[in-house]
Amino acid sequence: MLRIAITGVSGRMGQSLVKAVDLCEKTQLTVAVCRPESKVCGKDAGEIAGIGASGIRIASDLSAAVEQFDVLIDFTRPETSMAYIDICHRAAKNIVIGTTGYAEQQKAAIAVASQEIPIILAPNMSVGVNLTLKLLQMTAAVMGSDTDIEVIEAHHRNKVDAPSGTALRMGEVIADTLGRSLTECAVYGREGHTGIRDRKTIGFSTIRGGDIVGEHTVMFASDGERVEISHKASSRMTFANGAVKAALWLHGRQNGLYDMQDVLDLKKLLMTTAE
Ligand SMILES: NC(=O)c1ccc[n+]([C@@H]2O[C@H](COP(=O)([O-])OP(=O)(O)OC[C@H]3O[C@@H](n4cnc5c(N)ncnc54)[C@H](OP(=O)(O)O)[C@@H]3O)[C@@H](O)[C@H]2O)c1
């Protein structure tokens, strides 16, 4: 049994992760962590997640529990997660990171830590989204230079970062395929007198509302036709199950920074497609 620690257990993803770890016969929740000020401190992790008593009390200090888990799964906030990553780095523990919204400096610090521990960093853990990234790569290679590319994403009203980490990843994949730099070609939202569209840009539009779990559409539009590639998530369990799959895959790997394309072996699929 792979022993799993989950941080941010009071969160939407934290609760889904507790359920997913419980449902998987190869994993066992051994550590559940919240921030010291969290209302769930000292409560039972299973009860908070709505699956009944698990016998795991939610603690506020991850460093005191490092001997009790093999892999940490973290879906929290960048600032908090950097402290959790530091604890895992010092204790030589594997980490699956689903948190989004990192600054470039934080991403660089994660890359440095991955030289000494295995880390998966993936802004979207769903199998469908990761397959979608492959489809985007193929579409960009065939028609990206001759089309206007727009990324449209929608999420629930409580999401705090925009565009979503997944939308940015989609933009990066397309930009890389076209030999562009996303930093230079991204256009975030439009307002007022924008002038005509420059074909070399990649546009991003963000919608926030209600309880939308996560929807992404990428449009490749030219004169006379357009291709739209969409993914719609209807349950957070898709991300939680992906994170558990990632934790199992990561166990026993060499140090390094991996993503869900590695976990799902999609990089090989790309090579086959390109050949
Ligand atoms: N990679 C993926 O597939 C994927 C999918 C969905 C969401 N996400 C990302 O996962 C993260 C969590 O999403 P969520 O919807 O579960 O969010 P959420 O419901 O707001 O939960 C986040 C939890 O993180 C903890 N936390 C730590 N520091 C915090 C801070 N400064 N402010 C607020 N909460 C803090 C809290 O738990 P405690 O009080 O228990 O510590 C909180 O309940 C986000 O970055 C989101 O974008 C990734």
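Which residues lie nearest the centre of the second largest pocket?

**Entry 1: basis of the model**

I note that this is a predicted model, in which local features need pLDDT of at least 70, side-chain atom pairs count only at pLDDT 80 or more, and totals for chains, interfaces and linings use all residues. Residues are numbered from 1 along each chain as its sequence is written, and side-chain values use heavy atoms, with hydrogens and water left out.

**Entry 2: the second largest pocket**

I find Lys107, Pro123, Gly165, Arg169 and Glu172 nearest the centre, among 29 lining residues. A pocket is here an open set of points on a 1 Å grid over the protein atoms alone, where a 1.4 Å probe fits and protein lies on both sides within 12 Å along at least five of seven lines; lining residues have an atom within 4 Å of a point. The volume is about 680 Å³, taken as the space filled by probe spheres set on the points, which are joined across faces, edges and corners.

I then recorded which elements contribute, with helices (H or I, at least four residues) and strands (E, at least two) taken as DSSP runs numbered from the N terminus. Those giving two or more residues to this lining are α4 (104-113), α5 (127-143), α6, α7 (182-185), β12 (256-258) and α9 (260-263). Helix α6 gives the most, with five residues. By class, I read 14 nonpolar, nine polar and six charged residues; Ala, Val, Leu, Ile, Met, Phe, Trp, Tyr, Cys and Pro count as nonpolar, Asp, Glu, Lys and Arg as charged, and the others, Gly among them, as polar.

**Entry 3: the largest pocket**

For the largest pocket I noted a volume of about 840 Å³. Of its 37 lining residues, Arg12, Met13, Phe75, Thr76 and Arg77 are the closest to the centre. At least two lining residues each come from α1, α3, α6 (165-177) and β10 (214-222), and α3 supplies the largest share, three residues. The lining divides into twelve nonpolar, 19 polar and six charged residues.

**Entry 4: the ligand**

Where does the ligand sit? I place the ligand in the largest pocket, on the criterion that more than half of its atoms lie within 2 Å of the grid points. I list 23 surrounding residues, with Ser10, Met13, Thr80, Thr100 and Met125 the closest; a residue is near if one of its heavy atoms lies within 4 Å. The shell holds eight nonpolar, ten polar and five charged residues.

I next looked up polar contacts, which are pairs of N or O atoms within 3.5 Å. Oxygen atoms of the ligand lie 2.8 Å from a side-chain N or O atom of serine 10 and 2.7 Å from one of threonine 100. A nitrogen atom of the ligand is 3.1 Å from a polar side-chain atom of glutamate 79. The protein buries 86% of the 900 Å² that the ligand exposes when taken alone, by the Shrake-Rupley method with a 1.4 Å probe.

**Entry 5: backbone**

I recorded a cis peptide bond between alanine 162 and proline 163, with omega about -10°. Proline 163 belongs to the loop between β7 (148-155) and α6. Alanine 92 has a positive phi, near 55°, in a residue other than glycine, and I locate alanine 92 in the loop between α3 and β5 (94-97).

Note on methods: Polar contact = N/O pair within 3.5 Å; in protein donor to acceptor, adjacent residues only side chain to side chain.
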